[in-house]
Every structure is written in structure tokens, then in C-alpha cells.
Amino acid sequence: MAGISGLTSTWDYSSLFSSLSSSGSNSSTSSTGSSMYLSDYASIKNGSYSKLLKAYYAKNDTSSTAKTSDEIEESAKTNSTISTDAKALKSSADALIATGSNSVFNMKEMKDENGNKKTDYDYDAIYKAVKSFADNYNNLVSSAGDSDSNSVLRKTLSITNGTKKNANLLSQVGVSIGEDNKLTVDEKTLKAANINDLKALFSGVGSYAYNVSSTASMINSAATNEIQKLNTYTSTGAYSYSASVGKIYDGAI
């Protein structure tokens with residue numbers, strides 16, 4: 001799978017699957033539920049969702065046999081990359097949401113093009129921080145798409161869903177979402193953007209960047225957990241630990 005695509009309207013995609021099994025509600029609740037299901041169904045019918053959904057169900061097949069040693073090592077490497085990318089994304093998101101003296105959104109004294117002093121926001125620094133965030137976001141979207149973990153896939157869906165929910169405001173500050181769910185930052189548009197729009201997206205608790213940071217942390221945990229599980233008993237009763245996988249795991253945490 002080349003990458004992650006599409007999401008539902010909530011940060012936790014797993015609610016879609018759990019809700020489908022509920023029953024016995026009254027007519028009012030049933031009507032509301034039906035409306036929600038139709039909305040979810042319409043989202044799933046969108047072509048951009050198909051790859052991830054197929055991967056989710058394929059990787060949720062419990063009838064698969066135990067992995068070979070090569071498959072175990074490959075899975076460990078994949079999840080190690082995901083862990084690294086998730087930590088990098090969290091770090092860049094945290095740099096944006098930082099408050100106090102470390103905030104990139106603090107006003108500072110600078111010089112204009114004529115050499116005159118002025119107090120303003122450092123749009124160069126803001127652009128660099130957002131660009132770093134976008135680059136790390138794109139890396140995680142790519143690597144997570146190759147995961148063999150349902151947990152990693154669901155949580156990455158959650159991140160891309162949150163991004164799509166903020167698509168309009170992101171576009172206003174120069175951040176566009178491609179068909180592959182990768183982010184592109186237009187420097188000129190971002191530097192001319194309304195500072196309040198930038199702050200709403202990237203600054204402080206509850207912002208878009210804050211939610212990405214939180215979910216990236218969960219993806220990191222899910223990926224390292226997958227590596228740890230590779231060094232346990234397989235479905236045939238054999239112990240799957242190998243020195244190479246152990247080294248990968250040690251480096252991932």
C-alpha cells in the first residue's frame with residue numbers, strides 16, 4: 001500500500017466499526033443512527049477511501065498463518081520507521097503548539113526592508129516550523145500506509161481525517177492537501193496569512209497541531225508495540241525472537 005487516504009468525521013476511526021454492531025435502540029435513536037450510518041457509508045463510497053479500507057480488512061483477517069523470520073524482520077523494520085516518523089511529527093507539532101517564551105507565535109522586534117525597527121510576528125520562523133511539520137506529516141502518511149498493524153492504520157486515518165476537517169482553514173494559510181493526503185505549503189501564501197488563522201490551526205491546546213501531536217504519540221506507541229509483539233510466541237507456538245528484531249525494537253523505544 002503506497003500511502004494512507006481518506007477518513008471519517010471523527011478523530012477515532014474505530015467508532016465507525018464498533019457502532020455498526022449496536023442494535024435495539026428506540027425509533028428516534030434508530031433514525032439518528034441511520035443518518036450517521038448513511039453519512040459514514042457515503043464517505044466510504046468515496047474512491048479516496050478504498051485503499052485504506054481494503055488494507056484494514058485484509059490485515060484484520062485472523063486466518064493468516066504465522067510470519068516467517070524474514071516477514072517478522074521486515075515487519076519490525078516497517079514499524080520502526082513508522083515509530084521514527086511518528087516521533088518526528090510529534091516533535092514538529094509540539095514546536096508549533098509551544099507556549100511562553102518558546103512559542104514561534106511570539107511577537108519580536110525586527111527590522112523592515114528599510115532597516116527600521118518594528119515589532120511583528122516572525123513569519124519566516126512560522127513558515128519553517130509549518131514546513132517541518134508538513135514534511136514530517138508526509139513521511140508518516142507514507143510509512144504508516146505500509147503497516148501491518150490495524151491500530152497504526154486506524155490512528156493514521158484519524159490524523160488524515162482531522163486534516164481534511166481543517167482543509168478550508170489550512171488552504172487559507174497556504175497548506176493544501178493532495179489526493180495522496182500529502183501536505184504542500186505555499187510559502188508566499190502562508191507569510192501573507194492572517195496570524196489568527198495560523199494560531200487557530202497550530203498554536204496551543206485544542207488546535208489542529210495539538211490533535212496531530214497527540215495522535216502521533218499514539219501511533220508511535222502502537223508501532224513499537226507491534227515490534228515488541230514480534231518477539232513473542234507465534235501462532236505455531238514457536239518463539240519468534242531474533243537478534244535483528246530485538247535490535248530494531250531496542251532502537252525504536
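At 25% relative accessibility, Glu 73 counts as partly exposed, a class that lies between buried (under 20% relative accessible area) and exposed (over 50%), as computed with a 1.4 Å probe on protein chains only. The model is a predicted one, in which local features need pLDDT of at least 70 and side-chain atom pairs count only at pLDDT 80 or more, whereas totals for chains, interfaces and linings use all residues. Residues are numbered from 1 along each chain as its sequence is written, and side-chain values use heavy atoms, with hydrogens and water left out.

The partner of Glu 73 is Lys 77, and the two side chains meet in a salt bridge with an N to O distance of 3.8 Å, the term being used for a side-chain nitrogen of Lys or Arg within 4 Å of a carboxyl oxygen of Asp or Glu. Lys 77 is likewise partly exposed, with a relative accessible area of 42%. Because Lys 77 and Glu 73 are 4 residues apart in helix H4 (residues 69–97), about one helical turn separates them.

For the chain as a whole, the secondary structure comes to 11 helices and 4 strands, where helices (H or I, at least four residues) and strands (E, at least two) are DSSP runs numbered from the N terminus. Of the 253 residues of the chain, 41% count as buried. Among contacts (heavy atoms within 4.5 Å) between residues at least 6 apart in sequence, 71% join residues at least 24 apart.

The count of salt bridges comes to 9. One of them joins the side chains of Glu 226 and Lys 229, at 3.0 Å from N to O, and both residues lie in helix H10 (residues 208–229), where they are 3 residues apart, about one turn of the helix. Glu 226 counts as buried, at 14% relative accessibility, whereas Lys 229 is partly exposed, with a relative accessible area of 44%.

A search of the whole structure finds 4 aromatic pairs, a pair being rings of Phe, Tyr and Trp (its six-membered ring) with centres within 6.5 Å, and planes under 30 degrees apart counting as stacked, over 60 as edge-to-face and the rest as tilted. The rings of Phe 133 and Phe 202 have their centres 5.9 Å apart and their planes at 70 degrees, so this pair is edge-to-face. The pair links distant parts of the chain, with Phe 133 in helix H5 (residues 123–144) and Phe 202 in helix H9 (residues 195–202), 69 residues apart; both residues are buried. Phe 133 also forms an edge-to-face pair with Tyr 208, with 5.8 Å from centre to centre and 75 degrees between the planes. Since Phe 133 lies in helix H5 and Tyr 208 in helix H10, the pair ties together parts that are 75 residues apart in sequence. Tyr 208, like Phe 133, is buried. Together with Tyr 137, the residues Phe 133, Phe 202 and Tyr 208 form one aromatic cluster.
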